[in-house]
Amino acid sequence: MKPGDQVKVSARGTFVFTLKDVDEDTGMAMIEVNADSPLTYPWPARLTDLVPVED
């Protein structure tokens, strides 16, 4: 996975997030929800929890 990819937090996830930053060394990523809201902000997630969104 790389910055800009679209992901969900688990296969059953409802919301789609954008990867903002990936740290392979720690296994963590910063993700930000794709929503029409002025209050979106990035937060950390484990790479092992993220599932790529298929086109």
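Contact here means that heavy atoms lie within 4.5 Å of each other, and on that basis residues 24 or more positions apart account for 25% of the contacts in the protein chain with a separation of 6 or more. This is a predicted model, in which local features need pLDDT of at least 70 and side-chain atom pairs count only at pLDDT 80 or more, while totals for chains, interfaces and linings use all residues. Residues are numbered from 1 along each chain as its sequence is written, and side-chain values use heavy atoms, with hydrogens and water left out.

**Overall fold**

- The protein chain has five strands and zero helices, where helices (H or I, at least four residues) and strands (E, at least two) are DSSP runs numbered from the N terminus.
- Read along the sequence, the pattern is β-β-β-β-β; the radius of gyration of the protein chain is 10 Å, close to the 10 Å that the globule rule gives for 55 residues, so the chain is as compact as a globular protein of that length.
- The radius of gyration is taken over C-alpha atoms, and the globule rule is 2.2 Å times the number of residues to the power 0.38.
- Along its principal axes, the C-alpha trace of the protein chain spans about 30 × 20 × 15 Å.

**Surface and charge**

- Of the 55 residues in the protein chain, 22% are buried, a term that means under 20% relative accessible area, whereas exposed means over 50% and partly exposed means in between (1.4 Å probe, protein chains only).
- The accessible surface of the protein chain comes to about 4100 Å², of which 53% belongs to carbon and sulfur atoms; accessible areas come from the Shrake-Rupley method with a 1.4 Å probe, and for residues only the protein chains shown count as cover.
- The protein chain carries 5 positive and 10 negative charges, whose mean positions are 7 Å apart.
- In that count Lys and Arg are positive and Asp and Glu negative, while His and the chain ends are not counted, and the place of a charge is taken as NZ of Lys, CZ of Arg, CG of Asp or CD of Glu.

**Aromatic residues**

- The structure holds two aromatic pairs, for which rings of Phe, Tyr and Trp (its six-membered ring) must have centres within 6.5 Å, with planes under 30 degrees apart counted as stacked, over 60 as edge-to-face and the rest as tilted.
- The rings of Phe-17 and Trp-43 have their centres 5.4 Å apart and their planes at 85 degrees, so this pair is edge-to-face.
- Phe-17 lies in strand β2 and Trp-43 in strand β4 (residues 43-46), so the pair ties together parts that are 26 residues apart in sequence.
- The rings of Tyr-41 and Trp-43 have their centres 6.1 Å apart and their planes at 55 degrees, so this pair is tilted.
- Phe-17, Tyr-41 and Trp-43 form one aromatic cluster, in which Phe-17 is buried with a relative accessible area of 7%, Trp-43 is partly exposed at 33%, and Tyr-41 is exposed at 53%.

**The loop between β1 and β2**

- Ser-10 is found in the loop between β1 (6-9) and β2, and has a positive phi of about 100 degrees although it is not a glycine.
- Ser-10 is partly exposed, with a relative accessible area of 29%.
- Val-16, which lies in the loop between β1 and β2, is partly exposed at 25% relative accessibility.
- Not counting residues up to four places away in sequence, Val-16 touches Gln-6, Val-7, Lys-8, Val-33, Asn-34 and Val-53.
- Val-16 and Glu-32 are 16 residues apart in sequence, and their C-alpha atoms are 8.7 Å apart in space.

- Thr-18 is found in strand β2 (residues 17-23) and counts as buried at 14% relative accessibility.
- Leaving aside neighbours within four places in sequence, the contacts of Thr-18 include Gly-4, Asp-5, Met-30 and Ile-31.
- Ala-29 has its place in strand β3 (residues 28-33) and is buried, with a relative accessible area of 2%.
- Not counting residues up to four places away in sequence, Ala-29 touches several residues, among them Leu-19, Val-22, Trp-43 and Leu-50.
- Met-28 is also placed in strand β3, and counts as partly exposed at 29% relative accessibility.
- The C-alpha atoms of Met-28 and Asp-49, 21 residues apart along the chain, are separated by 9.6 Å.
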